[in-house]
Amino acid sequence: MMKKIIPILFSFLCFGCLSVKSIKNNSIPTAELGNTDYAIIASNYLESPYTLYVSFYDDQNNLIQRRTIGTVNPNKTEIFRYKEAVFFEAAKFNINAYICYEAYLNNNTLITDTNIAPPISINDLLFNYTRVHFSENSNYITNYNLRGFGEQKSIYSVYDESYEYTEFKLYDDLSWLKGTWRLTEGYGNDTLRFEDGSPYGIIDEYNDGDYKSSETVMVWISLNDFSDTFYVNSSKNKIKIVHPYALDPDVLIISYYEKVE
C-alpha cells in the first residue's frame, strides 16, 4: 500500500513542496546527449506510474519555483539528461541554492525510507547524477558526486594478468561501446545495448529478451564506488569486467561480454 506523507514529516527544507497548485509546473528542458552534463536516473518498480518534480530553494530556505521532471512508468527506468546550466537558471543563478525532488503517485507523495526528501546543493549537479528509486521494498533519492576528470582518464596502459585486455576508464575514448553486447561467461544481464560510448549514453539491459533496466555509461563504470575494473581487448569487441563479491571483497567475480552488432 502506498503511504501518504504526513505534513509534519516534511523537514523545514522542503515545506514549500506542499504548494502544488500555486506554482507553475512547467518542465525543465532536457539536453541532447552531446550537451549533457547532469542526469537523473529514475526507476519505478511499483504498479502505477509516478511523476517526478523538483523544487528550488534559496539559501534562506525560500521556495523559488517548482518544475516538472517527468513521468516514470511501472517497471521502467527513465533517464532525464540535462545541461546543468538550466538548473542554475531555474535557481535564479543563486550559487547557494539547493533542490529537492518529490515523486507523486495517484496524487499521493511517495516518501523515501528516511521520510525526508534530501536537499541537493545546486553546486553538486555538474558532471554528476541523481538516482531516484521507488519499489515495494526500497525508496531513496541519492545524488552521486563522481571523481574528477583526471582520475577517470587513462594516462598509460594497464593490462590484466593475461595481457590480452587493456583497462579503460570513464573519460577515455569509449565510442567503440556503441552497439549490442552479449554475456559469454560470468554473471550479469545477458544483453547490453549501448546507445553511445559517452558518459551519459544510455545502456538498456535485457535477460532472455526481456527488458530489465536502463542506466548510463557513467553509472555502469562508477557502480560500486569505482571498485570494478573494466578491460577491453585490442579489437575492442570483447569486454572483461572484474568486481569484488559483495559478501567477500577478496573474491573477484569476472564476466565477459562480446560485441554482436
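How many aromatic pairs does the rule give? The count comes to 17, where rings of Phe, Tyr and Trp (its six-membered ring) pair if their centres lie within 6.5 Å, with planes under 30 degrees apart counted as stacked, over 60 as edge-to-face and the rest as tilted. The model is predicted, so local features need pLDDT of at least 70 and side-chain atom pairs pLDDT 80 or more, while totals for chains, interfaces and linings use all residues. Residues are numbered from 1 along each chain as its sequence is written, and side-chain values use heavy atoms, without hydrogens and water.

Tyr129 and Tyr144 are stacked, because their ring centres are 4.9 Å apart and their planes stand at 15°. The pair links strand 8 (residues 128-134) to strand 9 (residues 139-144), across 15 residues; strands (E, at least two residues) and helices (H or I, at least four) are DSSP runs numbered from the N terminus. Tyr129 is buried at 4% relative accessible area, whereas Tyr144, at 32%, is partly exposed (buried, under 20%; exposed, over 50%; partly exposed, in between; 1.4 Å probe, protein chains only).

Phe194 and Trp220 form an edge-to-face pair, with 5.2 Å between centres and 75° between planes. Phe194 belongs to strand 12 and Trp220 to helix 2 (residues 217-222), so the contact ties together parts 26 residues apart in sequence. Both residues are buried. Phe194 and Trp220 also belong to one aromatic cluster with Phe168, Trp176, Trp181 and Phe230. In strand 12, Phe194 is the bridge partner of Gly179. Strand 11 (residues 179-185) and strand 12 (residues 191-194) run antiparallel and are joined by 4 bridges; pairing requires at least two DSSP bridges.
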